[in-house]
Amino acid sequence: MNYIKHLTGFFEKVVLDKALNPTHVSLYMALFQFWNCNRFKNPISINRDEVMRISKISSKATYHKCLKNLHSLGYINYEPSYNPFKGSHVILFNFSEDLKPAPKSERKIKKEPLIEPVSEQALNKSCTSDETGSEQAVVPSINYINNTNSSNDKNVANLNEQAKNFEDENNIQLKNQNSKEEKSSAKKEEKIQPTIDEIKTYFQENNFPEQEAQKFFNYFSSVGWLVGGKTPMINWQAAAQNWMINAPKFISNAEQPNRAKQLSTTTDKDYSEPL
């Protein structure tokens, strides 16, 4: 494995591939370092945090997007494990074979795309370095760049559109959930704060004077309809029941008709009289 020729072949592909950006190149170089440490043996086991640290990618979404793009564009073969305790596998192809000159009889410019569509590559092609080298051996000239990269642009556009649709759906769900919560909280506030007429009607139905209803309304209006000055009132009818239960405790002795009057005595009390 001549890694200098391999990198030369890789960068020749990068020059012709409009679908790649600096983040893709940085991620590929991080994977190449893992491949180098593994003595260029496939497959290699990667750790997401380690690859992100080496490639200077800080977003997990960007990392997974670029990794899938490199796979779909034919630069690597990505085999996710979906297991946090087991690393995913990546197969890197040998691009040094692309630098070998073709025989004179085969030196014809091909107008075919450099990379096959994603669906066919994933389903029908085995991920081996020999097979990839034979399909990608011919590099078109500058005059055919637009033709060779049309399929790549479509693949990347589809991936970006899918990611955008997914984000839009999540934003719509969050907006709907927030609007429902706001409506429910508004309804609760409307139910918590009754009108004076509702309170008077409720007190009259329970045979309590209108004056007590006015006291109840004035008190809780002054404290913002908070129970104990801290907790928002949930059921004002229950609070009114407690008010009516505790109301007799605050009525003076003169206002209570059934309360026994105080005994009064005089200095000329005749103790021979029965009580």
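The axes of helix 2 (residues 22-37) and helix 4 come within 10 Å and cross at roughly 80 degrees. Such axes are lines fitted to C-alpha atoms, for helices over the stretch in contact, and the angles run from 0 to 180 degrees between N-to-C directions. Helices (H or I, at least four residues) and strands (E, at least two) are DSSP runs, numbered from the N terminus.

The model is predicted: local features need pLDDT of at least 70 and side-chain atom pairs count only at pLDDT 80 or more, while totals for chains, interfaces and linings use all residues. Residues are numbered from 1 along each chain as its sequence is written, and side-chain values use heavy atoms, with hydrogens and water left out.

On the side of helix 2, the residues T23, H24, L27, Y28 and L31 meet T62, Y63, C66, L67, N69 and L70 of helix 4, where contact means heavy atoms within 4.5 Å. By class, the residues of this contact between helix 2 and helix 4 divide into 7 nonpolar, 4 polar and no charged. In this division Ala, Val, Leu, Ile, Met, Phe, Trp, Tyr, Cys and Pro count as nonpolar, Asp, Glu, Lys and Arg as charged, and the others, Gly among them, as polar.

S55 belongs to helix 3 (residues 48-55). Once its neighbours within four places in sequence are left aside, S55 is in contact with S26, L27 and A30.

An open sheet of 3 strands has the order 1-3-2, with antiparallel pairing. Its edge strands are strand 1 and strand 2, each of which pairs on one side only. Neighbouring strands of this sheet are turned by 30 degrees against each other on average, direction ignored. Helix 4 (residues 60-72) packs on the sheet, where it touches strand 1 and strand 2, and its direction makes about 125 degrees with that of strand 2.

Two strands pair if DSSP finds at least two bridges between them. Strand 1 (residues 44-46) and strand 3 are paired in the antiparallel sense over 3 bridges, and the bridge partner of S45 in strand 3 is H89. Strand 2 (residues 76-79) is joined to strand 3 by 4 bridges, again antiparallel; here I76 has L92 as its bridge partner in strand 3. Strand 3 (residues 88-92) is mostly covered, with 4 of its 5 residues buried.

Another region to examine is built around helix 11. Helix 9 (residues 196-205) and helix 11 (residues 236-246) pack at an angle of about 50 degrees, with their axes 11 Å apart. The two helices, helix 9 and helix 11, are therefore oblique to each other. Helix 9 passes helix 11 in a right-handed crossing; a crossing is right-handed if the near helix is turned clockwise from the far one by less than a right angle, and left-handed if anticlockwise. E198, I199, Y202 and F203 of helix 9 make the contact with W236, Q237, A240, Q241, W243 and M244 of helix 11. These residues divide into 7 nonpolar, 2 polar and 1 charged.

Helix 10 (residues 210-222) is a further partner of helix 11: their axes come within 11 Å and cross at roughly 120 degrees. That angle makes helix 10 oblique to helix 11. The crossing of helix 10 past helix 11 is right-handed. E212, K215, F216, Y219 and F220 in helix 10 meet W236, A239, A240 and W243 in helix 11, and the residues of this contact divide into 7 nonpolar, no polar and 2 charged.

A239, found in helix 11, counts as buried at 14% relative accessibility. Apart from its neighbours within four places in sequence, A239 is in contact with F216 and M233. A239 and F216 lie 23 residues apart in sequence and 9.1 Å apart in space, C-alpha to C-alpha.

For the chain as a whole, there are 11 helices and 5 strands. Of its 275 residues, 28% count as buried. Among contacts between residues at least 6 apart in sequence, 61% join residues at least 24 apart.

Key. Angles under 35 degrees count as roughly parallel, over 145 as roughly antiparallel, 65 to 115 as roughly perpendicular and the rest as oblique. Buried means under 20% relative accessible area, exposed over 50%, partly exposed in between (1.4 Å probe, protein chains only).
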